[in-house]
Every structure is written in C-alpha cells, then in structure tokens.
Amino acid sequence: MTESPQGTAVQTPGPAAPRGRRGRRAVDVPDLVARARDGEARAVARLISLVEDASPAVREVAAALAPHTGRAQVVGLTGSPGVGKSTTTTALVRAYRARGLRVGVLAVDPSSPFSGGALLGDRVRMQDHAGDAGVYIRSMASRGHLGGLAWATPQALRVLDAAGCDVVLVETVGVGQSELEIASLADTTLVLLAPGMGDGIQAAKAGILEVADVLVVNKADRDGADQTVRDLRYTLSLGGRHELAGAWRPPIRRTVAASDTGIDALVDTIAEHRDWLASSGEGHRRRAVRAAREIEAIALAGLRERMGDVRGSAALGTLAEQVVAGETDPFRAADALLAQL
Ligand SMILES: Nc1nc2c(ncn2[C@@H]2O[C@H](COP(=O)(O)OP(=O)(O)OP(=O)(O)O)[C@@H](O)[C@H]2O)c(=O)[nH]1
Ligand SMILES: [Mg+2]
C-alpha cells in the first residue's frame with residue numbers, strides 16, 4: 001500500500017516517489033496509459049497523481065486517455081455526514097465484484113486542501129478489497145488551485161474509465177454545496193438518507209432531492225425507516241423534474257449497508273438507471289453538459305493563470321492610470337486588458 005501526500009492508492013505496491021522528484025521525472029505517458037489499461041494499479045495511481053498535481057504532462061495524459069473513455073458508469077453518493085456513504089460504497093464494491101465487474105472508487109473531499117487524514121477511516125474499511133486487481137480506490141482532495149473539484153475530479157474519472165472500470169463510485173466527504181457539484185459529475189446520483197435525522201425534509205429544503213436519481217434510505221434496521229420512506233414519497237408527489245413526460249422517477253430503496261441488505265436490489269436499480277440513460281438520450285445530454293463544464297473549468301483556469309501574469313504588469317498599470325485620470329472607464333479598460341491576453 002502506498003501513501004502519497006496527495007492521495008492514497010490502496011493495493012498499490014512499492015513506496016511512492018518523493019514529491020519533489022516525481023514532478024521532474026520524465027513521464028512516459030503512452031506506456032503509463034497502456035499499463036493502466038492493463039489494469040496495473042500502480043500506473044493508474046501515477047496517472048491520477050499527474051492529474052492531481054496539474055503536471056505539465058496532464059495534456060498528453062488527457063489526449064492519450066480520450067479514445068478509451070466513455071464506458072464507465074459514474075455513480076455519485078451523497079448525503080449527510082454519517083448516513084452511511086462509505087459503508088454503502090464498500091457494500092456496492094463487494095456486490096459489483098461478485099458480479100465480475102471492475103470498480104473504481106474516488107473519495108473526494110471538496111472542503112479540504114489535504115487528503116489522506118480525513119479519509120483514513122474510509123480507507124481502512126476499504127482494505128477488504130486490497131489486493132483485488134478489479135478494484136481501484138483513491139482518495140482525492142480538491143486543491144484550491146485550478147478550480148479544485150471542477151478541474152481535477154473529472155480528469156481522475158477519465159483515468160479510471162480508461163483503465164477499464166465498469167463502474168466508478170464517487171463519495172463526497174465533508175458538507176456543503178459539494179452534493180450538487182458531485183451530482184454534476186455523475187451519470188447516476190444516489191442520495192442517501194437515514195431514519196430519524198429529519199433528513200427527508202432537510203434534503204428537500206437543500207434541493208438535494210432534485211438531483212437524486214435513486215433515493216436510498218439506509219439504516220433501515222433502525223426505527224423510523226418507514227416514516228422516512230413516507231416523507232420521501234410525499235415530497236416526490238409534490239412535483240419536480242421527474243414529473244415530466246418520459247422522465248425517470250427516482251425509486252426509493254431501503255438498505256442496511258452494514259449487513260449488505262438491499263444492496264443487490266440497489267445494484268439492479270443503478271443498472272436500470274444506466275439503461276434509461278442510454279435509451280432516453282439523457283445519458284448523452286448529461287455527458288455533454290459535463291464536458292462543457294470541464295472545458296469551461298480548464299479555460300477559466302488558463303485565463304486565471306494569464307491574468308496572473310497581467311496583475312502588476314505595465315499594461316494594467318497604464319490602464320489603471322487612465323481610469324484614475326477619467327480618460328477611460330473600468331469596463332473599457334477591462335476589455336482592453338482581455339484583448340491583450
Ligand atoms: N445501524 C446501521 N448502521 C449503519 C448502517 N450503515 C452504516 N452504519 C454505521 O453508521 C456509521 C457511519 O457510516 P459511514 O459509512 O462512515 O457514513 P458516511 O456517510 O460515510 O460518513 P461521513 O463520511 O463521515 O460523512 C458507521 O458507524 C456505520 O457502521 C446501517 O445500515 N445500519
Ligand atoms: Mg464516509
């Protein structure tokens with residue numbers, strides 16, 4: 001098992017190269033991609049690190065991966081802290097492996113500039129699968145630079161997709177707007193709730209139900225599961241995007257992830273959603289939206305970088321003087337600046 005400051009690749013053999021060195025070492029991208037496609041965990045880990053570190057090789061990596069992507073179903077898991085996302089992820093991995101499918105897991109912490117520590121607990125539980133070449137598990141932190149989650153996560157998903165994962169599970173850690181962001185990355189979004197947490201109502205308020213493709217009432221072994229299901233049914237009956245003709249109506253599934261109960265049915269439901277995505281054209285639409293956001297994030301990161309060059313530059317100084325002197329206004333000055341980029 002290897003631990004790097006950027007992330008954790010369970011079942012990756014050998015120690016990680018020191019960080020400073022790794023950045024400078026020559027990268028044989030075609031070789032790495034070929035080995036990743038053969039399912040070599042170490043090559044997958046290296047590719048994700050290149051992406052996460054925003055290595056100069058990242059363009060070559062993206063170009064080499066492009067022809068091999070588009071197969072994996074990306075399944076996002078969201079829900080309040082402690083609802084059972086990690087337990088469900090682990091149970092799903094087990095169920096997919098039992099069906100002979102290859103699975104990738106990306107645990108994303110959008111709120112933290114570091115990864116590793118916060119995700120340690122998750123990783124330990126995932127050690128069940130260490131040594132299984134059909135599972136690849138990775139923790140990622142979204143760094144502040146380059147648009148964080150928006151930039152690095154889709155690239156990591158491309159790596160796992162090209163590496164032959166049939167399903168990639170994306171679990172968010174931490175709270176906030178991340179639920180909605182993850183939903184925009186996923187083909188299929190699972191919203192997890194648990195009885196007695198007032199979750200149904202909270203989720204409805206937060207707009208989380210709107211992004212749900214499947215509603216999972218986990219901890220169904222606890223009192224109040226029936227009530228939570230009723231709450232959800234009622235909330236769904238109030239309308240939403242699922243009311244449109246031909247729309248997917250989010251099914252409600254009960255699970256006890258801790259004992260694998262209901263997990264097979266959940267896997268079937270996720271497969272049904274995949275079929276619906278294909279037959280309705282919605283899958284393609286979501287991917288196009290995702291690609292557009294990805295392009296936008298990369299373009300904005302590029303612009304920001306170039307703006308960085310501009311800050312403190314003579315051109316900006318000159319324009320600032322002109323604005324102060326009333327010779328031009330800030331809007332025209334900004335246009336002039338953008339034209340120079
Ligand atoms: N009773 C019961 N407990 C469960 C079930 N699933 C998970 N748990 C327990 O709930 C606790 C939280 O589970 P996690 O899987 O860590 O939840 P999480 O959503 O990943 O939590 P964060 O990552 O901290 O947001 C753990 O102690 C689990 O063992 C379940 O179906 N029934
Ligand atoms: Mg967790």
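**Packing of helices and strands**

Tutor: In this predicted model, helix 2 (residues 29–37) packs on helix 3 (residues 41–52) at an angle of about 130 degrees, and their axes are 8 Å apart. Helix 2 and helix 3 are therefore oblique to each other, and helix 2 passes helix 3 in a left-handed crossing. On the side of helix 2, the contact is made by Leu32, Val33, Arg35 and Ala36, and on the side of helix 3 by Ala43, Val44, Arg46, Leu47 and Leu50. Sorted by class, the contact of helix 2 with helix 3 has 7 nonpolar and 2 charged residues, with no polar residue.

A second pair of helices is formed by helix 5 (residues 85–98) and helix 12 (residues 263–280), whose axes come within 10 Å and cross at roughly 75 degrees. That angle makes helix 5 roughly perpendicular to helix 12. Helix 5 contributes Thr88, Ala91, Leu92, Ala95 and Tyr96 to the contact, and helix 12 contributes Ile263, Asp264, Leu266, Val267 and Ile270. By class, the contact of helix 5 with helix 12 has 8 nonpolar residues, 1 polar residue and 1 charged residue.

The strands may be taken next, starting with strand 3. Strand 3 (residues 73–79) is mostly covered, since 7 of its 7 residues are buried. In a regular strand the side chains alternate between the two faces of the sheet. In strand 3, Gln73, Val75, Leu77 and Gly79 point one way, while Val74, Gly76 and Thr78 point the other way, and all are buried. Strand 3 pairs with strand 6 (residues 167–172) in the parallel sense, over 5 bridges. Within that pairing, Gly76 has Val170 of strand 6 as its bridge partner. Strand 3 is also joined to strand 7 by 5 bridges, and these two strands run parallel. Here Leu77 has Leu190 of strand 7 as its bridge partner.

From strand 7 the pairing can be followed to strand 8. Strand 7 (residues 188–193) and strand 8 run parallel and are joined by 4 bridges. In this pairing, Leu192 stands opposite Val216 of strand 8. Strand 8 (residues 214–217) is covered on both faces: Val214 and Val216 lie on one side, Leu215 and Val217 on the other, and all of them are buried. Strand 8 is joined in turn to strand 9 (residues 252–254) by 3 bridges, again with the strands running parallel. Leu215 stands opposite Ile252 of strand 9.

Gly104 lies in strand 4 (residues 103–109) and has a relative accessible area of 0%, so Gly104 is buried. Apart from residues up to four places away in sequence, Gly104 touches Tyr136, Cys165, Val167, Val168 and Leu169. One of these, Val167, is 63 residues away from Gly104 in sequence, yet their C-alpha atoms are 6.3 Å apart in space.

Most residues other than glycine have a negative phi, and most peptide bonds are trans. Lys219 is not a glycine but has a positive phi of about 55 degrees, and Lys219 lies in the loop between strand 8 and helix 11 (225–237). Asp260, likewise not a glycine, has a positive phi of about 65 degrees. The loop that holds Asp260 runs between strand 9 and helix 12. The relative accessible area of Asp260 is 35%, and Asp260 is therefore partly exposed.

These parts can finally be placed within the protein as a whole. Its secondary structure comes to 15 helices and 9 strands. Of its 341 residues, 48% are buried. Among contacts between residues at least 6 apart in sequence, 76% join residues at least 24 apart.

Definitions and conventions
Residues are numbered from 1 along each chain as its sequence is written. Chains are lettered from A and ligands numbered from 1 in the order in which they are written. This is a predicted model: local features need pLDDT of at least 70, side-chain atom pairs count only at pLDDT 80 or more; totals for chains, interfaces and linings use all residues. Side-chain values use heavy atoms; hydrogens and water are left out. Axes are lines fitted to C-alpha atoms, for helices over the stretch in contact, and angles run from 0 to 180 degrees between N-to-C directions. Angles under 35 degrees count as roughly parallel, over 145 as roughly antiparallel, 65 to 115 as roughly perpendicular and the rest as oblique. A crossing is left-handed if the near helix is turned anticlockwise from the far one by less than a right angle, and right-handed if clockwise. Contact means heavy atoms within 4.5 Å. Ala, Val, Leu, Ile, Met, Phe, Trp, Tyr, Cys and Pro count as nonpolar, Asp, Glu, Lys and Arg as charged, and the others, Gly among them, as polar. Buried means under 20% relative accessible area, exposed over 50%, partly exposed in between (1.4 Å probe, protein chains only). Two strands pair if DSSP finds at least two bridges between them.
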